[in-house]
Amino acid sequence: HLDDDVVVWLTTSRPGMAPQPSPVWFLWHDDALLIFSQPGTPKLRNIAANPDVALNFNCTPEGGDVVVMAATAKVLAEQPATDVVDIYVTKYARSIERLGSTPDAFLQAYSAPVLITPTSLRGH
């Protein structure tokens, strides 16, 4: 999943609110997931209020290969190293193009990097 999946479901929540799942693109790097978000989104506000998140990877159509990861998320104050961003952009180059965008335009719009560090894993 970490190498091949294109989307993971990130679930964030605020106290007293229902969990909010969001499909996100990700890069597995240095034992953590890196995502990029547009600034000011509910998921970023939720992470600021409660950094505990869950990640759900796609399973098979029959419900097999279930992987759920509990994690802690942190919005980064600075952009990741250029080589890491380049790997992310390379992974999603075709998807970015299908959106009618360019890597530079995508990174400008999705300028809030979030580092998600796993704390536990379950699945079958």
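What radius of gyration would a compact globule with 124 residues have, and what does the protein chain have? The globule value is near 14 Å and the protein chain has 14 Å, which agrees. The radius is taken over C-alpha atoms, and the globule rule is 2.2 Å times the number of residues to the power 0.38.

This is a predicted model: local features need pLDDT of at least 70, side-chain atom pairs count only at pLDDT 80 or more, and totals for chains, interfaces and linings use all residues. Residues are numbered from 1 along each chain as its sequence is written, and side-chain values use heavy atoms, with hydrogens and water left out.

**Whole chain**

Start with the C-alpha trace, which fills a box of roughly 35 × 35 × 25 Å along the principal axes. Colour by secondary structure to find three helices and seven strands, in the sequence pattern β-β-β-β-α-β-β-α-α-β. Helices (H or I, at least four residues) and strands (E, at least two) are DSSP runs, numbered from the N terminus. Switch to a surface: the protein chain exposes about 7,300 Å², and carbon and sulfur atoms supply 55% of it. These areas come from the Shrake-Rupley method with a 1.4 Å probe; for residues, only the protein chains shown count as cover.

**The sheet**

Next, select the seven strands. They form an open sheet in the order β2-β1-β5-β6-β7-β4-β3, with antiparallel pairing. Two strands pair if DSSP finds at least two bridges between them. At the edges stand β2 and β3 (27-29), each with a single partner strand, so one side of each has no neighbour in the sheet. Neighbouring strands are turned by 35° against each other on average, direction ignored; the axes are lines fitted to C-alpha atoms, and angles run from 0 to 180 degrees between N-to-C directions.

Go to β1 and β2, an antiparallel pair with six bridges. Select Trp 9: its bridge partner in β2 is Pro 23.

Then move to β5 (residues 52-57) and β6 (residues 67-75), which pair antiparallel over five bridges. Here Leu 55 has Met 69 of β6 as its bridge partner. On the way to β7 (residues 112-123), nine bridges join that strand to β6, again antiparallel. Met 69 stands opposite Leu 121 in β7.

Buried means under 20% relative accessible area, exposed over 50%, and partly exposed in between (1.4 Å probe, protein chains only).

Show the neighbours of Ile 116: leaving aside residues up to four places away in sequence, it touches Leu 10, Ala 32, Leu 33, Ile 35, Val 53, Leu 55, Ala 71, Thr 72 and Ala 73. Contact means heavy atoms within 4.5 Å.

**The loop between β3 and β4**

Last, select Asp 30, which sits in the loop between β3 and β4, and Asp 31 in that loop. Most residues other than glycine have a negative phi. Asp 30 has a positive phi of about 55°, and Asp 31 one of about 60°. Asp 30 counts as exposed because its relative accessibility is 65%; Asp 31, at 58%, also counts as exposed.
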